[in-house]
Amino acid sequence: MLVPLSWLKEYVDIEVGINELCDKMVNCGFEIEKVIDLSQNIRNVVTAKIMQIEKHPDADRLQICQLDIGSDDLLQVVTAATNIRVGDMVPVALDGAKLPDGTVIKKGKLRNVKSDGMMCGGEELGLTENDYKGAGVDGILILETGLKTGIDINKVIGTDETVLDVGITANRPDCNGIYFLAHEVAACLGKKVKPLKLDYKVSDEENDVKVEIKDLKLCPHYMAGKVKNIQIKESLKVIRNRLRACGVRPINNIVDITNYILFELGQPMHAFDYNNIKNASIKVRRAEKNEKIITLDDKERNLSENNLLICDDVKPIAVAGIMGGKYSSINPGTDTIVFESAKFARDNIRRSSRELNLKSDSSSRYEKGVSSYLQETALKRAFALIDQTSSGEICKGVFECGTNDEGNKSVSVNMEKINEILGVDVEFSAAKKILKSLNFEVKGRKNAFTVTPPSIREDINTVNDIAEEIIRFYGYDKINAILFKDAHQTCGKIPDNFSVSGKIKNFLADKGLNEIVTYSFTSPEYFKKLNILNDEYADKHIKILNPLGEQISVMRTTMVHSMLETVSSNIAKGNKKGGLFEIAKIYLPETLPLEKLPKEKDSLVISMFGGFDFYDLKGIVESLYDKVCIDTVYKEGKVNYMHPYRCAEIFNGERLIGKIGEISTEICENYSIKGKVYIAELDMDFIRNNYKTYLEFLKPVKFPSADRDIAFIVDEKVNASNIINLIKRAGGKILESVSVFDVYSGKQIESGKKSIAFSLTFRAGDRTLSDEEINHAMDKILKQAEIEFSAKLR
Amino acid sequence: MKEKTEMLVRECSECLNQCSDLNDLNRIKVKYLGKNGLITALLKNLRDIPAEQRPVAGKTVNDAREKIQILLDEKESALKKAESGILLEKEWIDVTLPGKNTTRGSLHPITKVIDDIISVFSGLGFEYKEGPEIETDYYCFQALNIPKDHPARDMQDTFYINDNIVLRSHTSPVQVRNMEISKPPIRIVNPGRVYRADDDATHSPMFHQIEGLCIDEHISLGDLKGVLEEFAKNIFSKDTKIRFRPSYFPFTEPSVEVDVSCSICKGKGCKVCKGTGWIEILGAGIVNPAVLEQSKIDSKKYNGFAFGCGIERIAMIKYGIDDMRILFDNDLRFLRQYK
């Protein structure tokens, strides 16, 4: 919220500097986001009186002016402007002056005549006609008469102001009114708040406006006052300047008063033209379905029963709390007005404002919450400002409807409980002093007292709230750090399923891979890019209702897409070779649209690109499963985005737990990747739930082993894993292990065939094996291989 | 005899001085100590010496034999040493060439920071927990004292799936889920992904938070300060200080923003801390009794504290990263720095 310092100072004497003030406000809970010095846009521009004007000797269109700038010597300035006369008061930019657009003015010569500055037009000072009368004129800005010469122009145009941008937390809607923020400032400076001026004269005429609230839940309190003989005019300068400093354009005295009160008290007000309220009768009711109103911004709004309307006897005149209707708005011919000061339910205003896509200063105040104690004060303040500015005559009586009684709000507390929450020993007397400085009523003794906050403070309900009020002013720096002095001991556990992720991450990093983190949401096009149109998860993703962009609008069901995008962007950046991995969730809805929370499954994706081959990646995946002691079998598989002949599915028993392969050229093209990319997509949940660390102890056998090698010639498409299975079966119990040590095709091998060599180790647990036993096993293996694969011994 | 042996020793020694390889040495050895060697011959001749002189003569010859043996051994070891030196030199390698180790990969800075934080809190008795990222409105807001249409919802721009399901905008729902199923004392931390409709140099629509919750008897802001001080010292540096500033969160009361003293300028003021000497790192507070009651925990008996901290922010401060988006660019040149 923008807070002009002069406004704050109207209610509190602030004797400290701006930095100290900001520190104090921050320490009691009001973040100062910015300190804006409005005068810094214009430097070294002063008021000057034109004493003499003469023609330039060498240029018909130029004039030489002598200006009184309050010093002994006159200032000579050459100008092309023609709207000036001797005796006019004008702004002049002196040598070195800075203008709002950043221009720096230097003295110089114009056609050989020296010019020591520049007279400024309204636009050059960043002003519009609305900001300052005459600023819209083409030429030099002619200032009001009666000014002294040589004074800073900021003082004349209302920009000699410092504005604090204060962060008001959602629990303190009261402080959205500068007057109430002043209470906090007063408390932290140890000062008293000056009272609001609320007195005004009343005319004899009675207020004849009647109000009826049809929905007390949506509008618990409504007050209406009437002012006649209105003179629509420009507001006082101080009001106009403050509104501008708050970022609001001054309009006329009546509208400005409602805005002024919005900022000063946080109460949104509305002024209706009395003559446009049929029968002087106001009804507050829900809109009918498809009921329409044209709002002040000239737009027709289509309403629903959720929206609250202010109506007269026949038609709607405002969308309650959000925006007035065009029809009953204040216009230059308005002679009688009705002030509305009401409370509307904040949740309804919030919903309606979103539904209608219509926001205003008023609606945003109502959304934050407006105390029902504010309406009366605001209306009185509006009358006082009308009176003070002679803008009209206030009619007798105010029509009040609904209630502002929300019950007694006292909180019973004791110092022990408060200090237990705070972890400090605040004396009762100190606590009392703080609470009283905030206008809280305190009754009772240390061990049991009641605190009654001022009615405007609707955020104070519990002992915790009271504790916070105390520590805000007592000082958070007085809290001593302790470590569970009076609490229980607990054991800090890191469950295995978390640590296994950590282990795998470290393992993969040790293998030379780099961990990435990509967004959980992605483009709905991802499955098309991956050609997984018929996949179990294709198009079954969860959509975000309000995404920031199409590219990040659905929750991913695979991480391969993000991985390929990352590979692609790395290659584009010149990182030609690398290995990447990510462990994250994929989101699998059981039904769409989503009725209950989806399954969130952990997935691990690994990629290698730039000079790697399938076996590089497979080697890593194999040792990863080895590390977590999960048995795996690799079978030729089909995955839509992978090379049809370079892709395997990984099984644990019957269960599919991963896929590994080369990304097909066609898919690579979708990601603008040239060259080969290998990807493994593994079920991380399975690893987390099935990994083992402590295996059964197997005592090393003391009998010697016997090693044999064997090489077969088989068809080139026979899978090694099938031969290994065969060797294991035929080798029987005494075969301890078997592994491939060479695969060869080419010279000496018939085409379409390959030689594949295995090394076998035999051992028995209870004896030294004899040659016969081993030969017998080898024969059996050979025979079986001949039967199953037509294998020949090489 | 004595003269003869002395002469042989002298001769042998001279021969050895000339000797330059092991073959030569072998010849010398044979010449003196071989089967038909000069010393061996003297020993054989002892038989011809009168019996009474034999012991003295024998000793003289044996002494000479020993001397020669020692000379030979010395020479042999000297020659061997020299020879192996030549051999070893042939095996010279350039030890300044790079080693054959495979390149080490890297862990993402977010992972590193989470691991560090978890390890600090596990030491303080906090148990690691997880919770869903796609969450119900109830757990994400209502149970945390943020009813529908409450202005506090504006504090976070939430991504909605539908009216009742959201992408969690903070890790706080995990608090509620745990309070519902466990009894005090509760001490948990849970890191994870969170989502908000925000995207610029200091905000990302997806980022990570870590949430801490402690529910017990006699818990105060002092305990919160103590725990967070330990956290700050372990994550940043031993001399890090923390400071509380009042703030507001619907689920804590009192609520505080927590600043740490800038570890870069040691509190003197620099670009990172915008000249203030302090950096805001997290929000915290005493758990609002309304939240405890909502989760059926007796707020008369128990109270507690909670805190929530942005991981990216910590990583940026710790590693001096000036744009949050770089964390999600996944540029290998960036990633490889975090070994």
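**Reading one threonine in a predicted model**

Tutor: Let us begin with A:Thr295, which lies in the loop between β16 (292–294) and β17 (300–302) of chain A; strands (E, at least two residues) are DSSP runs, numbered from the N terminus. This is a predicted model, in which local features need pLDDT of at least 70, side-chain atom pairs count only at pLDDT 80 or more, and totals for chains use all residues. Residues are numbered from 1 along each chain as its sequence is written, chains are lettered from A, and side-chain values use heavy atoms, with hydrogens and water left out.

Student: Is A:Thr295 buried or exposed?

Tutor: Buried means under 20% relative accessible area, exposed over 50%, and partly exposed in between, with a 1.4 Å probe and protein chains only. A:Thr295 is buried, because its relative accessible area is 0%. Of the 794 residues of chain A, 53% count as buried.

Student: With which residues is A:Thr295 in contact, leaving aside its neighbours within four places in sequence?

Tutor: Contact means heavy atoms within 4.5 Å. On that basis A:Thr295 touches A:Arg301, A:Val319, A:Met323, A:Gly324, A:Gly325, A:Lys326 and A:Leu358.

Student: With which side chain does the side chain of A:Thr295 make a polar contact?

Tutor: A polar contact is a pair of N or O atoms within 3.5 Å; within protein, one must be able to donate a hydrogen and the other to accept it, and residues adjacent in sequence count only if both atoms are side-chain atoms. Here the partner is the side chain of A:Asp297, at 2.6 Å.

Student: What does the C-alpha trace of chain A span along its principal axes?

Tutor: The spans are about 125 × 85 × 60 Å.

Definitions and conventions. Helices (H or I, at least four residues) and strands (E, at least two) are DSSP runs, numbered from the N terminus.
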